[in-house]
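Visitor: I am new to this structure. Could you walk me through how to read it?

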Amino acid sequence: MIRITDILERSQTYLSEKDLEMIEKAYIFSASVHQGQLRLSGEPYLIHPLEVTGMLVEMRLDAATLITGMLHDTVEDTLATLDQIEDAFGKDVAFLVEGLTKISKITFGDQMERQAENFRKMILAMSSDIRILLIKLADRLHNMRTLDFHPPDKQKFIAQETLEVYAPLAARLGINQIKDELQDLSLKYLHPDGYYELMERIDKNKEDRDQYTEGIRDIIQRQIESFGLKGAVRGRAKHFYSIFKKMHEQRINFDEVYDLTAFRVILDSDEERKCYEVLSIIHALWKPVPGRFKDFIAMPKANNYRSLHTTVIGPYGERVEIQIRTKEMNAWAEKGIAAHWRYKEGKVSSGEDEDQIDKLRELLEMQTEYKDAREFMKSLKLALYPDEVYVFTPRGDVKSFPKGATPIDFAYSIHTDVGNQCIGAKVNRSIVPLKYKLQNGDTVEVMTQSGHYPGKDWLKYAVTSKAVSKIKQWIKTEEREESILLGRNILEKELKKHHSNFSKLIKANEFSAILEEQSLNTVNDLLALIGYGKISAKHVTHQLLHDENFQEKDEEETNDGILEKIREKFRKAPADAGISVTGIDNVMVRFAKCCSPLPGDDIVGCVTRGRGITIHGSDCPMVREMDPERIIDAQWNVDGKQTFSVGIMVTCRDKKGLSSELSNAIYSMGVNMTYVNINTNPGDNAICTFQLDIKDLKQLNMVISELKKLKSVLFVERIKDPLRSTEKSKSRKNIDIRH
């Protein structure tokens with residue numbers, strides 16, 4: 001157990017006498033307000049702030065951080081107030097304590113919501129001062145060390161949270177000492193059988209392993225000294241979590257894990273080139289394993305970690321993992337941002353440190369845009385787990401991305417506008433599709449076009465939380481604008497039926513009552529609801545015109561199920577779809593797959609939530625089930641140049657050359673085929689499905705008539721979805737052609 005004297009002794013090596021006095025004062029204050037409080041272990045509560053402060057001293061953090069370590073639970077768990085903290089220790093300490101104060105007194109709907117809100121507060125506080133996160137990590141580490149005294153279900157929840165969020169946060173700050181211990185402790189509670197089995201297996205061979213490690217260490221030490229290089233060689237057993245993860249990912253047994261020990265060469269010199277000299281010495285000594293060399297000096301990790309990693313075939317044919325770095329690199333690798341921490345008036349002196357903090361802030365602040373607790377936690381975890389890929393900009397700058405990232409992620413990393421207007425990318429001077437997965441060493445150049453904007457399909461390819469967030473933000477804004485426009489047009493049409501005028505009603509402030517009724521702030525909010533289909537224009541009209549005889553049906557109850565059923569059946573119409581909707585201009589139009597209407601068919605429009613107007617054939621069964629208030633008049637307005645996709649099914653006698661005969665008949669009509677499927681069984685008729693580009697109903701009827709003239713054809717029918725019809729059919733012989 002650490003004592004206040006230990007903390008003062010360690011901190012006096014880099015803090016002033018005045019700082020030490022304030023730390024001791026904080027200890028006395030904490031002891032007095034926590035007096036009589038016990039932890040679940042039965043120990044005095046004061047042990048916890050002492051242990052947390054001891055970890056912060058090991059990271060050589062400033063006096064304000066150490067004082068906060070002593071006081072971090074006082075406002076939450078005692079009668080102490082922030083005013084008292086500020087009066088006794090200053091504004092800086094009071095701010096840090098406030099940032100660390102939990103929100104346990106607020107009631108949330110569930111555990112997920114509480115967890116999300118805790119992290120939101122931590123992230124927002126950390127945006128102003130990164131020290132809050134460093135203290136929080138130390139606090140979590142000591143809590144994990146004493147987790148035995150919690151009930152099993154709480155142990156699992158805290159361990160899972162630690163593994164998914166706190167350990168990756170420590171990794172992003174480069175504090176590997178804390179990250180490794182958090183992962184090992186999490187493993188202990190999440191997979192106790194695996195943890196204790198590993199402990200037993202490693203302890204069983206400890207003596208032989210130690211002897212082997214010492215032998216390898218001596219060989220490397222003598223070899224580098226023979227070339228005039230000075231430095232220390234360390235050998236250490238790998239952490240339990242890294243061994244456990246490797247066994248599960250590679251599906252191997254413990255006996256198949258050969259690199260249980262990792263070696264580290266730490267050079268006295270700060271010259272990077274010396275690291276490469278050591279690398280050449282080791283590769284001359286033992287054969288390197290292909291594909292196992294990583295140069296994190298030339299291309300540092302996102303958290304600024306720098307080192308050379310190599311794996312060689314050492315004595316007895318065992319694989320040996322070796323890391324090579326300078327003292328400065330090693331300090332960063334172990335303590336990360338804390339290794340270079342020097343506060344002066346609340347700012348970090350090192351430019352590199354500020355860059356790392358800014359990267360983490362940007363990474364985490366992006367997550368606060370999510371309102372839903374589950375979406376927030378999902379996005380946060382995604383952001384914290386990058387299996388990194390390193391690529392170059394055209395200027396030679398290095399950027400890191402999670403594995404699986406695409407040019408879309410690269411574009412958004414430059415600027416939101418670059419991402420939104422991205423139309424493609426060049427990788428290593430060759431044009432690639434936006435779904436291309438970036439590889440290590442790629443040089444990426446983004447191609448943009450003014451006026452081009454993201455689509456929903458981009459969400460399939462974006463990996464980084466920034467790209468996903470910005471795409472969703474654009475889509476949400478765009479859909480709202482379209483819905484406002486659509487809602488206004490529909491409402492104006494309805495008002496005209498009653499000889500009223502939208503603009504006059506706005507000027508007369510006639511909307512205030514209905515806005516209050518619907519708990520809305522602006523008229524645009526109301527119009528958006530009409531455009532989304534969540535409230536009917538007829539209801540609004542009758543409210544505005546004070547029609548007391550109007551009774552509206554429960555729209556939500558009658559339409560939700562129908563809308564959900566057809567939501568996935570839409571296909572977007574071409575930009576020049578040739579549809580005009582009575583009384584409405586500039587509206588987003590889609591065709592329904594359930595009936596695939598053609599020019600010449602009678603059609604109607606249906607207002608759908610957030611998707612504009614969907615065009616159905618007037619005899620479509622889906623239309624009969626819809627709320628009549630959402631049905632509006634629509635007409636064809638084509639110029640003869642457009643084509644529309646339609647399916648036909650031809651049943652005919654099977655014979656040799658059937659495919660060619662049918663295709664020639666269709667092509668003779670000047671019609672293009674985009675899909676062909678022929679199903680046959682011995683002794684049965686052939687079922688032939690075609691998807692055609694047709695101008696109108698007249699042309700379709702001519703094609704059907706021409707096919708019926710063929711002797712082998714028994715009958716022809718128009719179908720709604722040829723792809724679905726094909727999936728349902730089963731055959732031994734199946735010819736499937738797509739153009």
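This is a predicted model: local features need pLDDT of at least 70, side-chain atom pairs count only at pLDDT 80 or more; totals for chains, interfaces and linings use all residues.

Visitor: Where is the kink in α10 centred?

Guide: On Thr-162, with a kink of about 40°. Look just after α10 as well. There Gly-174 takes a positive phi of about 80°.

Visitor: Which residues does Gln-221 contact, leaving aside its neighbours within four places in sequence?

Guide: Gly-231, Ala-232 and Val-233. Take Gly-231: this residue is 10 residues from Gln-221 along the chain, and their C-alpha atoms are separated by 8.0 Å.

Visitor: What about a loop residue? Where is the place of His-34?

Guide: In the loop between α2 (17–33) and α3 (47–58). His-34 counts as buried because its relative accessibility is 3%. Beyond neighbours within four places in sequence, His-34 is in contact with Tyr-45, Asp-73, Thr-74, Asp-77 and Thr-78.

Visitor: Now the cores. Which residues touch the most other members in the largest nonpolar core?

Guide: The general idea comes first. In soluble globular proteins, nonpolar side chains tend to be buried together. In this model the largest nonpolar core has 69 residues, and Leu-71 and Ile-85 touch the most other members. Setting aside neighbours within four places in sequence, the contacts of Ile-85 include Phe-29, Leu-71, Val-75 and Val-97. Another core, of 57 residues, lies apart from the largest one. Among its residues are Phe-511, Ile-615, Cys-688 and Ile-694.

Visitor: You mention a cysteine. How many disulfides does the structure hold?

Guide: The count is 0. The cut-off for a disulfide is 2.5 Å between the sulfur atoms. Cys-688 is buried, with a relative accessible area of 0%. Cys-422 also counts as buried, at 1% relative accessibility.

Visitor: Last, charges. How many salt bridges does the structure hold?

Guide: Side chains of opposite charge can pair when their charged atoms come close. This structure holds 20 salt bridges. Look at Arg-273. Its salt bridge with Glu-271 has closest N and O atoms 2.9 Å apart. With Glu-277, the closest N and O atoms are 2.7 Å apart.

Visitor: Why are Arg-273 and Glu-277 separated by about one helical turn?

Guide: Because they are 4 residues apart in helix α15, residues 272–285. Arg-273 is partly exposed at 47% relative accessibility, and Glu-277 is partly exposed at 29%.

Visitor: Which residue forms a salt bridge with Lys-655?

Guide: Glu-661, with the closest N and O atoms 2.9 Å apart. Lys-655 is partly exposed, with a relative accessible area of 41%. Elsewhere, salt bridges that share partners join Asp-62, Asp-92 and Arg-131 into one network.

Terms used: Residues are numbered from 1 along each chain as its sequence is written. Side-chain values use heavy atoms; hydrogens and water are left out. Contact means heavy atoms within 4.5 Å. Helices (H or I, at least four residues) and strands (E, at least two) are DSSP runs, numbered from the N terminus. Buried means under 20% relative accessible area, exposed over 50%, partly exposed in between (1.4 Å probe, protein chains only). The bend at a residue is the angle between axes fitted to the seven residues ending there and the seven starting there. A nonpolar core is a set of buried Ala, Val, Leu, Ile, Met, Phe, Trp, Tyr and Cys residues joined through side-chain atoms within 4.5 Å. A salt bridge is a side-chain nitrogen of Lys or Arg within 4 Å of a carboxyl oxygen of Asp or Glu.
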